[in-house]
Amino acid sequence: MSGTAAATGSASCRFAHYFVECGVDTETGLEPDDEAGEGFEQSPIRRSFKSKVLVHYPESTDKNPFNKDAINMLCMPRGLSFRTQAERHDFQFHSFTMSFDDGTRSYGFVHTFYEEVTSAQIITAMQTLFQMHHVEHHSASSASSPSSSSASSPSTSSMDSLVSSLDESDAESVAGLSAGLRLPRLRWVIRSSPGHSFLSQLHQAVTSHTAPPLPIESYIHNILYEVPLPPPGRSLRFHGVQGPIVCQRPGPGELPLGEFPLGEAFSLLGVDNMVQLITCALLETQVLLCSKDYQRLMTVAEGITTLIFPFQWQHIYLPIVSAPLHHLLEAPVPFLMGIQRREGAQRSSLHLPHEANMCFVDIDNRCVEAPEALPEFPNHAELIQELSEILLHFGLPPQGGVTKKPDTASPRMSSLVLEDLMEDRRNGNLGGEELAVLERLQALARRCGGEQMSEAGKTLEHVFEEEEEELKAAKLNIQLREVFAGRFSAMFGRYEEFVIHSALDLDSWLSNREGTLTFDKGSFLSGQPATHLHFLSRFLETSMFSSFVDGKVISRWADREPLQQLFDSRLERDRLYDTDEEESRNCRYRKCTTGFESAQAIERRLLKADHTAIHPHLLDMRIGQGRHQPGYFPKLQADVLTQGQNTNKWSGRVTASHRTDLKRSPLTDHSGVDNEQRQKHAFARKTLRQSKLLDSSPQAVTQNHREFVDGLLSECRLKTKRMLLERMGKESVELGQGEANITGLQENTLIHGLCDLLERTWGHGLQLKQGKSALWSHLLHYQAAWGKTETPAEALGCNGLDQRTFEDGTLLLRGSLIQDMRFIQTMGEGLSEVGQARAWIHLALEKKMLSQHLKELLTNQELLRQLYKRHAFLLYEEEREQFLFHLLSLNTVEYLCFTRVFTSISISYRVVIIPMKKLSIAMATVDPWVCVSGELGDSGIRPVTKNTQEIYFQCKNLGRLSTLQLGQENSGLLAKCLIDCVMVYNEITGHTYKFPCGRWLGKGVGDGSLERVLIGQLVSPGGEEDAGRWTGTPPELASPSQSVRAVLGSLGSRSRMLSSEVQEEMREAANNLVKHFHKPEQERGNLTVLLCGEGGLVLSLENFLLHGLKSNRLFLRNVFVWDFVEKAVVSMETADQMGDLHGATMTRGPPCDSLCRYVNAINATLRNIGKEGKFQLLVCLGIRDRLLSQWLPLLAEFPLTLRTYEEGSLLRDRAAVHSLSRILHTLNEFSITLETALVKGVDL
């Protein structure tokens, strides 16, 4: 008895935990299934009725308590249904899974068949239902009578079900196998084939006219209590009713067990669709599978979760959603769920509140509807090619479809099976009848030999065909999985270098988890190929990647999780054998090389079982119980199945041998402290209790939706905090270019996540929707309601904000939610509902009015109650206000997301020229024009009407504005004005750009310039607090800082700058340029600002050359560096022509020639840019063409310098000139591209 106790005392090490029988309860009778969504107008034979768990063995286990309601729903997702004798009533099989709060899963396998109804109570109930249906539909009685007579006959069939609930071993499951060793969160998935095979053999025995050798209870007792899990790296053979069944577990270093047939999943969808579906799962979109067959749902869902190793799905996972759980489709979180499609049901009939970021998969029609703007998986084409080659090798078409089974079975498989049977005979595990069968098989094998097979041999071939197919599927599985594991190893081979360890202990890390940066995403992305960035930037923001990195962080204080430990060991192995480091660094695609080796390991285990479980045997049963009746499942004797018995003489030996093997298994022990810490972390990161999802009671449903509400609020807080932290990090490194926003890839990724959050929030509890976007649907309803309540006058002058009509008659409205909606609707981009919603979010975010707009949207309480159910997030007032408050915090960040994403739309601009206040009357004498330039182009020359200071125009989106050309056509002496600055307003996004000037525009004053290139900076965000600026009178602005250097300045004031200050300014300007080019391209600011703006290279070099410059001008008027440069060039050319009559020591060379050529070309330009503008152009061209560092020593050594500069000037200081020349030479390594506005009219 001690051996039996050892075998049965630890339930967690058993192969199967429960055996369940579901069906109709004859005592309570038929109960309509109200959750099935069927009306009483349907015939009773087509209705669904409630099923119940009739019996289950054992009653419960310590580590895996029995959940009767959940098991019943998953066994019968659509309830019970009847079949007539004329209809097909073939048996059906499907599996299911249940997730637990700690991340583990249990798997169940369901074999459904039909029995003839013999209960008089059930027959009477059906007759009554048909009579009621006939009375209610008297007009259709002629069509209903055949069904009635058929149903009232004894041939009416009901549905019954058998389920063997096989557990995916959790930490405690393996603990029993490990003789006290603890493996926290270790997962081993019990393979699907043994569960299916056992139930299939059981069904064959029940329906056979010949009784099985032993009572059914013997076989059920055997699999429940006497068949253990095989040790890691070993295989186990146990016996069903009809024959042996083999199962196996991978060893250390191999991929975790996952044997749902991937080949079938790829055949159902095709390679392209399957890769797209895996991409959606990796990016944590909502994935909804749809099929008529429950097993197809499980096959595809399990295929997805298997192929994403080493990452794990962190959200709702319900491959089979029963009718009572359809409310979970409203869950505003990522999920992977599957629903059964009813016969004849159309895709349009599904009411799905979340579709903006949903991947809908119609398995039966091989169709995948992916979300918009889904990035491609890295090396997409190469991956498709490699997967296709593997499928073709196994005889499967890459595009999916029906597959052909092989015509011949492997003789090697047949012979090995015979060898296994011989081993059983030697072990004494075969009875007399089995020995006789074995002898006949041996004789048949000897007769066949190497000759042609006889008819009996062909029969034997058919027997072994299923086992050969199972081996083929297992080898295909592991090869497909190795391909994806290799892809993740290539992408994240050096991820450990970017993990940030900042906490001193686990408790401090957990308490500051939300504000702790654990992975250097920017540095990681900077080393990735550009084609991978779109996918990787979004993947790094997912929960599965965060959880993966968190596991690495806590491995400092606790042992690593098994999946992560396995992945790290595979990475170490790859580095050890990776001899081509350059190829690895270049991220070139390399095909998987480990698939064949892994397939061989599985083949060895399946062809030669390492262990044999105890055979089924007679139990201590009452005589007469369990009598065989073909077609009916017998009533089981409960007393022999509620607990294990030891009546087999080999049980003690087999169990002891099994325990010995486990002691030798390479499993490591986890200390209690480590386990406690890891569990603390696991529950800290879980936001939703998986075990509660299967509870369909009203209280549980309410609690689940309450948790969804709390989760949305928490996610909003974390996302906005993440966006603000990212912004602060960027702001600390911005250098002089006025950059105040998150740029490029990171901005797009974070805002995409915000759009997804808003869509899921507005989809929670939504019951009335137009199109795929929940948010845009609400906006459209609001727009319709607003249009009915507002008068035309109010509609035109909404909220008291002004309006403006352009030359083409377009009426521009500003400021309100409705006005922004109208602009999005008229953009002409061909956007879908989802695209329009995202465009509206981008626009509101850039205008810093997102929180205000959403608050306005939610003010219509009547509309909210009409659109949403009571449990919707938007109807929780307190949480809603907190949500809007978190969004309001984003107003502290400057975004250009709308401007940079929608680059082809038409934008309205307003330009205001602001003169110096005391001289503003001079504007009446000039005819100014402007040309605005930005990242995406320029506006062209736009004339400003005389006697006005502003102009409105529309043009293609210019992007972020950088420069503005300001000029005037009138060249008369009286046509001059002193310009303070120019302001440019983006009338759509509300952004304000300031272009400081502080100089004269006109002949005979200042440097005589009729055209200036001004450098802009973003100064005002736009929002409700800035509404005053939209009035017709330009605002009075303070004079820009640049006015100090030009308007009323003098030579004396300039000469007072210390030489050290000038040199430091020059070094800082050059250093800013170096830092600019060392940033990732998507994070660089405006180069023109660094060159020509305040503190830029041009101004710094001008101050350097002005230091110590002599002047003979009266009244201390300004002098210009360009005068000195022109004189120097004239002197060079004159000296060259006169043969150096003055005894100059310089020799003319390439630097001298280039300087003369550039200065003459600038003077010959038709642009009236003035002396300061010409010097600016010379510096920009010189730095672009890598000549500036050569020109400076040339000017310093020229004889004219001695006469023009004072002795203490910087240009006469050899050390200062040499130092500056070296600084400028460092800039030669960068490729500098100048804006068109800077070099217009100069062809060099």
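Tutor: Start with contact: it means heavy atoms within 4.5 Å. By that rule Gln 528 touches Met 491, Leu 533 and Leu 536, not counting residues up to four places away in sequence. This is a predicted model, where local features need pLDDT of at least 70, side-chain atom pairs count only at pLDDT 80 or more, and totals for chains, interfaces and linings use all residues. Residues are numbered from 1 along each chain as its sequence is written, and side-chain values use heavy atoms, with hydrogens and water left out.

Student: Why is Gln 528 called buried?

Tutor: Buried means under 20% relative accessible area, exposed over 50%, and partly exposed in between (1.4 Å probe, protein chains only). Gln 528 has 16%, so the label buried applies. Gln 528 sits in the loop between helix 16 (521-526) and helix 17 (533-539). Helices (H or I, at least four residues) and strands (E, at least two) are DSSP runs, numbered from the N terminus.

Student: How do you know that the length of helix 9 agrees with its residue count?

Tutor: The expected span is 1.5 Å times one less than the number of residues. For the 12 residues of helix 9 (271-282) that gives 16 Å, and the end C-alpha atoms are 16 Å apart, so the two agree.

Student: What makes helix 9 largely enclosed?

Tutor: Of its 12 residues, 10 are buried, so the rest of the structure largely encloses helix 9. Among them are Val 271, Met 274, Leu 277 and Cys 280. Helix 9 lies across strand 8, strand 11 (358-362) and strand 12, at about 140° to strand 8. Axes are lines fitted to C-alpha atoms, for helices over the stretch in contact, and angles run from 0 to 180 degrees between N-to-C directions.

Student: What is the order of the five strands in the open sheet?

Tutor: The order is 9-10-8-11-12, with mixed pairing.

Student: Why are strand 9 and strand 12 at the edges?

Tutor: Strand 9 (316-318) and strand 12 (367-369) each have a single partner strand, so one side of each lacks a neighbour in the sheet. The twist averages 20° from one strand to the next.

Conventions
Two strands pair if DSSP finds at least two bridges between them.
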